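Please keep the sequence and the model at hand while reading.

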Amino acid sequence: MNQDEKYIKECIELARLGEGKVSPNPFVGAIVLDKNGEVAGKGYHEKYGEAHAEVNALNEAGERAEGGTLYVNLEPCSHFGKTPPCADFVAKSGIKRLVVGIMDPNPLVSGLGLARIGEAGIEIAVGVLEKECKKVNEIFIKHITQKKPFIAIKTASTIDGKIATKTLSSKWITSSAARDEVQRLRNKYDVIITGSGTVIADNPSLTSKSGRNPVRIIIDSELKTPPDSKVYQDDGTRVIIATSEKISDDKVKKYPENVEILRCPVSQGKIDLNYLADKLYQNNLASVLIEAGAQLNGAFIKNNLANKFYFFVAPKILGDNEAISMIEGFNIENINQCLNIRFDEIKFFPPDIMIEAYLS
């Protein structure tokens with residue numbers, strides 16, 4: 001790993017400190033080296049609407065930025081948003097060289113920030129650890145380029161793919177270490193979605209102990225979940241029930257006042273998930289974590305809405321064909337018709353593992 005890669009990697013690590021705080025903006029970290037190659041300043045985008053990473057790092061560096069190098073995992077912005085353009089600030093900072101992981105996919109920025117900085121006579125290098133930089137901002141890239149939320153499915157299963165016994169016993173398949181990681185993931189995502197079956201069977205809170213609570217959405221087309229379920233408790237978190245557009249007002253009235261009702265089109269008794277995803281995008285909710293049962297997991301996949309998977313796998317075998325699988329609803333007879341996914345990374349939460357994967 002050369003020097004540029006070393007510091008861009010550190011920028012990525014800094015960028016992740018913004019998880020749960022900057023959405024729908026990207027995760028960005030920045031490092032300033034002085035003209036002697038010593039670290040003079042570090043920064044990251046800490047909160048939506050506040051100073052960006054480059055500004056924080058350059059402010060910390062002060063006069064030591066003169067003649068130095070700025071590293072940043074994403075191209076500095078060139079437009080006015082909640083803050084002034086970072087490109088202008090960088091151009092006037094006195095640095096001699098700028099190293100960027102990837103260009104900003106936002107059409108309001110892409111290439112324009114670099115052009116403005118280049119006009120100031122600053123040397124620019126782009127495309128360092130490009131794959132890693134894209135991954136840290138996969139949510140932002142999907143949201144800004146496709147105008148859709150980034151949707152991930154999380155499962156916790158035995159090694160033979162079961163998430164509960166036939167009596168719906170499931171606590172706990174995975175270890176406390178794995179469950180702690182789930183708490184961190186919840187903080188990262190804007191929204192957490194589950195189905196009525198999970199609420200009735202498990203009565204989850206769907207909160208995060210690692211930061212902010214994501215918006216909670218329960219898919220319940222018939223409003224059959226108990227109004228006193230933990231998920232509906234008013235803890236200051238936005239709570240939404242996605243239900244049928246034909247549901248009666250009498251059924252709606254039984255839920256607490258803090259619970260929002262989103263009426264959705266229904267087909268064959270199922271909520272139109274594409275309609276729901278569009279509503280999330282319109283509400284500037286950039287990312288979704290699905291923690292649901294087999295049928296709802298399968299429905300998001302069949303509707304081409306799932307982008308990523310977090311498979312938490314325990315070294316246990318249930319071995320019962322009546323037990324509940326992690327994903328259902330495909331009815332495949334030929335093995336060559338299987339849905340193919342791509343394993344990306346395996347992490348260990350002893351005794352369990354977690355596999356990050358993507359649709360291939």
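Asp34 and Arg64 form a salt bridge, with their closest N and O atoms 2.8 Å apart. A salt bridge here is a side-chain nitrogen of Lys or Arg within 4 Å of a carboxyl oxygen of Asp or Glu. Asp34 sits in the loop between strand 1 and strand 2, and Arg64 in the loop between helix 2 and strand 3, so the pair ties together parts that are 30 residues apart in sequence. Helices (H or I, at least four residues) and strands (E, at least two) are DSSP runs, numbered from the N terminus.

The model is predicted: local features need pLDDT of at least 70 and side-chain atom pairs count only at pLDDT 80 or more, while totals for chains, interfaces and linings use all residues. Residues are numbered from 1 along each chain as its sequence is written, and side-chain values use heavy atoms, with hydrogens and water left out.

Asp34 is buried at 10% relative accessibility, whereas Arg64 is partly exposed at 41%. Buried means under 20% relative accessible area, exposed over 50%, and partly exposed in between (1.4 Å probe, protein chains only).

**Other salt bridges**

The whole structure holds 22 salt bridges. Side chains of opposite charge can pair when their charged atoms come close.

| Salt bridge | Closest N and O atoms |
|---|---|
| Asp34 and Arg64 | 2.8 Å |
| Arg238 and Glu260 | 2.8 Å |
| Lys308 and Glu356 | 3.1 Å |

Arg238 forms a salt bridge with Glu260. Arg238 lies in the loop between strand 9 (215-219) and strand 10 (239-244) and Glu260 in strand 11 (residues 259-264), so this pair ties together parts that are 22 residues apart in sequence. Arg238 is partly exposed at 33% relative accessibility, and Glu260 is partly exposed at 32%.

Lys308 forms a salt bridge with Glu356. This pair links distant parts of the chain, with Lys308 in strand 15 and Glu356 in strand 18, 48 residues apart. Lys308 is buried, with a relative accessible area of 1%, and Glu356 is buried, with 4%. Salt bridges that share partners join Lys135, Glu138, Lys308, Arg342, Asp344, Glu345, Lys347 and Glu356 into one network.

**Strand 18 and its partners**

Which strands pair with strand 18? Two strands pair if DSSP finds at least two bridges between them. Strand 15 (residues 308-314) pairs with strand 18 in the antiparallel sense over six bridges, and in this pairing Phe311 stands opposite Ile355. Strand 17 also pairs with strand 18 in the antiparallel sense, over eight bridges. Lys347 stands opposite Met354 in strand 18. Strand 17 and strand 18 form a hairpin with two residues between them. Strand 18 (residues 352-359) is mostly covered, with six of its eight residues buried.

**Helix 2**

Seven of the nine residues of helix 2 (residues 53-61) are buried, so the helix is largely enclosed by the rest of the structure. The buried ones are Ala53, Glu54, Val55, Asn56, Ala57, Leu58 and Ala61. They pack against strand 1 (29-33), strand 2 (39-44), strand 3 (69-74) and helix 3 (86-91). Gly62 follows helix 2 and has a positive phi, near 60°.

Val28 lies in the loop between helix 1 and strand 1 and is buried at 8% relative accessibility. Leaving out residues up to four places away in sequence, Val28 touches Ala15, Tyr44, His45, Ala53, Glu54, Val72, Asn73 and Leu74. Contact means heavy atoms within 4.5 Å.

**Nonpolar cores**

In soluble globular proteins, nonpolar side chains tend to be buried together. A nonpolar core is a set of buried Ala, Val, Leu, Ile, Met, Phe, Trp, Tyr and Cys residues joined through side-chain atoms within 4.5 Å. The largest core has 37 residues, of which Ile8, Val32, Leu70, Tyr71, Ile95 and Leu98 touch the most other members. Helix 1 (residues 3-15) gives the largest share of this core, five residues. Another core, of 32 residues, lies apart from it and includes Cys264, Leu273, Ala292 and Ala357.

Leu98 is in contact with Leu70, Val72, Pro76, Leu114, Ile117, Ile122, Glu123, Ile124 and Ala125, leaving aside its neighbours within four places in sequence.
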